[in-house]
Each structure stands twice: as structure tokens, then as C-alpha cells.
Amino acid sequence: MDWAGTRVLVLGLGRTGRSAAAFLAARGARVVAADEAPIEEPAPVSGVRWQCGAPFPAAADFDVVVPSPGVPPARYVGAARVRSDVEIAAETLACPVVGVTGSNGKTTAVLLIEAMLRRAGLRARAAGNVGLPALSLVGEALDVAVFEVSSFQLESTERLRPRVAVALNLAADHLDRHGSLAAYAAAKARLFAHQERDDTAILNADDETVLAFGAGSPARRRLFSQRRAVADGAWLEADAVVYDDDGRRRHLPRPAIPVSADALLASVLCCAALDVDPVRAVEAWPHFTPPPHRREPIARRRGVTWVNDSKATNPSAARHALTQCRGPVVWIAGGRAKGELELDALIETAAHCVRAALWIGEASEPLERACADRFPSERARDLDAAVARAAELAQPGDTVLLSPAFASFDQFRDFEERGDCFRRAVAALGE
């Protein structure tokens, strides 16, 4: 797209918004970049007018609106066009783009794919919802760009077309933003909507909703499954990852790293879709360190393992973390709900492995009610108090697991601050 002379409204001045404003102004757009928070105005950028601490301008007064992920569609009603920064980056980059979405495990999968492609000799970079703005990759000498794409980013795309699109899974999340599971799924499905015959859609065969993504698309569909063999796909078999290599089964030893099977299987298929030999790419697995706050062991004291899974901000993620623990669990959970969430399945899973639970934050009462005496539980004043109480309850061989199942915003800036607080409280226990 030729941006010269285009009137652009950028909404939100976090990393994404500032990156988009500077990028578009450098290409001749007339940019107003706004944030309603009373933040300090960014440094001057030629072609950008910053507006902070005031209501957003009317979207209808601009040719294009570029919203940051945290700005919901209701805030730019009447916009003539809406473009996501990820979409703008994808159409500008000269290299193939991989887009990864899903409810759980996106960041780990994106970083794993990046590591595997680099191991195979490609110049690959991860960006998007993983933390680095997608537009910051424009101008780099790259062979592949790997984007983590959230539902918030996807709902503002027009014709995003990744060379390889990956959907890891789908679980109820962000219903406060999307309103329903169907609307949330529809946002995710936009990643596949404009793929063409030369593209590849990598889908979770164990999830019926994900399987429907890209229905009718001419893109090649490659499936992965934790339960069964799938033609032209990848699956688990004993302690191996198996994939179909043009009709021949190839076996790759499953690594001993805390990475979900969905991420492992999808990463193998992603490499194959880019004509990269997975056998060489998986040499990255033993050296891969998952990002923090995701089933991260942080301490072992008096025979008890302490695990930081603060990124588990929905019940599905917490269920997975509970099933991965060895031995009885002292579980710390709670926070702020993202809409109405079903807790029965989560509590049922917990009942099989939890010695005791400690509830924190706004969700303490609904969690206590959902537990209904299935296992011992009590409310804690805050996370520090929960850690101290967990140290009293845990026995040698137990795991103390922070896997909240809820967002952090009732008590913390984000899940990272919550995880860091957990880490400090555990360190303060001493030996």
C-alpha cells in the first residue's frame, strides 16, 4: 500500500503504537497517534502528531485506523479502513511470514520455531504479540518472519496472508472482549481466511473448532494430533514425535523440555512447510529454553518443587499445568475473570492431583464455590501470604504450583509482574 498522504490514526501508544506511527510517517503518511492515558508525550517524530491524555479523535475523520491490540473495535466504530500492524508488516516484508495463533502456548511455539529455523541455517526472527513489534523487522535481512498473532490483532486485519498459518488450540478466553466463544474463534480464524494454494494451514486435529479454520481455503492443510496418526501430518507415538514425510514416517525423539506437545508437533510441520528438514531443525530442541512464567521451575527446597506458571491466564492453561506436575500439588490460583468462564472441568482435573489449594484475588470466592469441598482449600490475603501458607502445607515430593487460571490485573500490572512477585516470595522463604 502507498501510504504517502494517507491520513492515519494510530490508537494506543505502547510499543506497537509507537512503532506503527514511526513506520507509517516515514512512508509519507500524515499520522495522529493517540492515547487516552495521561502518559508522557513521546519524542518528536517527523510526520507524527502525538495526542496524550485526551479522548480519541473520531475514527471517521481518517483514511485508515491502526489500533494497538489493547484497543477494542468499539473504540474505532466508523473507520473507513482498519489495518493491523502485523498485516502491514506482512505485506511489506520481502520474506515468507509464519503466523501462529491459539489460546495457549503461542509464545513458546513462536520462539521454538524461530530457534529451529535458525538451527537449520535460516535468518529467522520472531515478533508480534511475542513482544517485539512486527514492523520493527521491516528492513532486516531475513529469510523468514515468525509472528505470534493474538485474537486482538487478528480482528483488525483486512487481508492478512501468511505463507504458513498455525492454530495450536482453542479454549474459552478473552470473552470479556469478544463476547462469546464463537466470536473469539471467528477472530482466530481470520489468520487463515486469505491463504492461497501455495500456502500451508497447520491445524490441531484434536480440536474440532480449530479444524474448521480455513474451511474452503485452497491452502494445503497439514494436521497434528496428540492422539492418533494423521496423513500428511505429525503426531505423538510413545516417546517420539512422528511426522509424515511424503508418505514415509520419520521419528524424532521427544525432548525433555517443558514445551507442550502442540508446540512440538506444529513446529515440525512448520519447518516442513518451509522446505526445511525437520531432522536438522530439531537439533535446536535440547538447547531451547522456554520463556519465563510458563511451567518454569524456580526452586527446590526441603524436597518441594516450586513452579511459576503465571502465564496460565485461563482455565485450560491451568488444567494443562496441573496434569504435568509430578506428585501431589499445592495449587495457588485466582485473579480477575475475562468474562464468564466454566470452572467445572478445571476443578475436576485438580481433584485428582491437588493436596490443597490457595485462592487469591477477585476470583477467590468463585473458585472456593466451584471447589465445593472437593479438596482442602482456603483464601489467602495476597500472593505473598499464599506462598508462606503453601510452604507450611507442602510435603517432600510435592509441587507448589502458581497456575492462576485468571488474569493478573486485579493485583498486578501483568502476568510477568505476578510471576516475579511469586519468585521473590519463594526466595524470601530461605532454606
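The model is predicted, so local features need pLDDT of at least 70 and side-chain atom pairs count only at pLDDT 80 or more, while totals for chains, interfaces and linings use all residues. Residues are numbered from 1 along each chain as its sequence is written, and side-chain values use heavy atoms, with hydrogens and water left out.

**Stop 1: the nonpolar cores**

Select Val8, Leu24, Val31 and Phe147. These have the most contacts inside the largest nonpolar core, which has 53 residues. Helix H1 (residues 15-26) gives the largest share of this core, five residues. A second, separate core of 42 residues includes Val144, Val166, Leu269 and Val276. A nonpolar core is a set of buried Ala, Val, Leu, Ile, Met, Phe, Trp, Tyr and Cys residues joined through side-chain atoms within 4.5 Å. Buried means under 20% relative accessible area, exposed over 50%, and partly exposed in between, with a 1.4 Å probe and protein chains only. Helices (H or I, at least four residues) and strands (E, at least two) are DSSP runs, numbered from the N terminus.

**Stop 2: helix H3**

Next, select residues 106-119, which form helix H3. The end C-alpha atoms of this helix are 20 Å apart, in agreement with the 20 Å that its 14 residues should span at 1.5 Å a residue; the expected span is 1.5 Å times one less than the number of residues. Of the 14 residues in H3, 10 are buried, among them Lys106, Glu114 and Met116. To see what covers these buried residues, display strand E5 (97-101), strand E6 (124-128), strand E7 (144-148), helix H6 (181-189), helix H8 (261-273) and helix H9 (278-281), which are included in the cover.

Within H3, centre on Leu117. Leu117 counts as buried because its relative accessibility is 0%. Not counting residues up to four places away in sequence, Leu117 touches Leu122, Ala124, Val144, Val146, Cys271, Leu274 and Val276, where contact means heavy atoms within 4.5 Å. Val282 is 165 residues from Leu117 in sequence, yet the C-alpha atoms of the two are 9.0 Å apart. Just after H3, Gly121 takes a positive phi of about 100°.

**Stop 3: the pockets**

Switch to a surface view and select Pro69, Asn129, Phe152, Phe409 and Phe415. Of the 47 residues that line the largest pocket, these lie nearest its centre. The volume of this pocket is about 1,400 Å³. A pocket is an open set of points on a 1 Å grid over the protein atoms alone, where a 1.4 Å probe fits, with protein on both sides within 12 Å along at least five of seven lines; lining residues have an atom within 4 Å of a point. Grid points are joined across faces, edges and corners, and a volume is the space filled by probe spheres set on the points. Its lining has 13 nonpolar, 20 polar and 14 charged residues. In these classes, Ala, Val, Leu, Ile, Met, Phe, Trp, Tyr, Cys and Pro count as nonpolar, Asp, Glu, Lys and Arg as charged, and the others, Gly among them, as polar. The helices that each supply at least two lining residues include H1, H3 and helix H14 (415-428).

For the second largest pocket, of about 1,000 Å³, select Asn104, Asn169, Ser316, Ala317 and His320, the closest to its centre of 41 lining residues. Helix H10 (315-324) gives the most to this lining, with seven residues. The lining divides into 15 nonpolar, 14 polar and 12 charged residues.

**Stop 4: the cavity**

In a cavity the probe fits but cannot get out. Select its lining: Pro67, Ser68, Pro69, Val71, Tyr76, Ser84, Asp85, Phe152, Gln153, Ser156 and Arg177. Five of these residues are nonpolar, four polar and two charged.

**Stop 5: single residues**

Arg295 has a positive phi of about 45° although it is not a glycine. Arg295 lies in the loop between H9 and strand E14 (296-301) and counts as buried at 18% relative accessibility. Ala405, also not a glycine, has a positive phi of about 70°. Look for Ala405 in the loop between strand E19 (399-402) and H14; at 0% relative accessibility, Ala405 counts as buried.

Finish at Ala261 in helix H8, buried at 4% relative accessibility. Leaving aside neighbours within four places in sequence, Ala261 is in contact with Gln226, Leu236 and Arg254.
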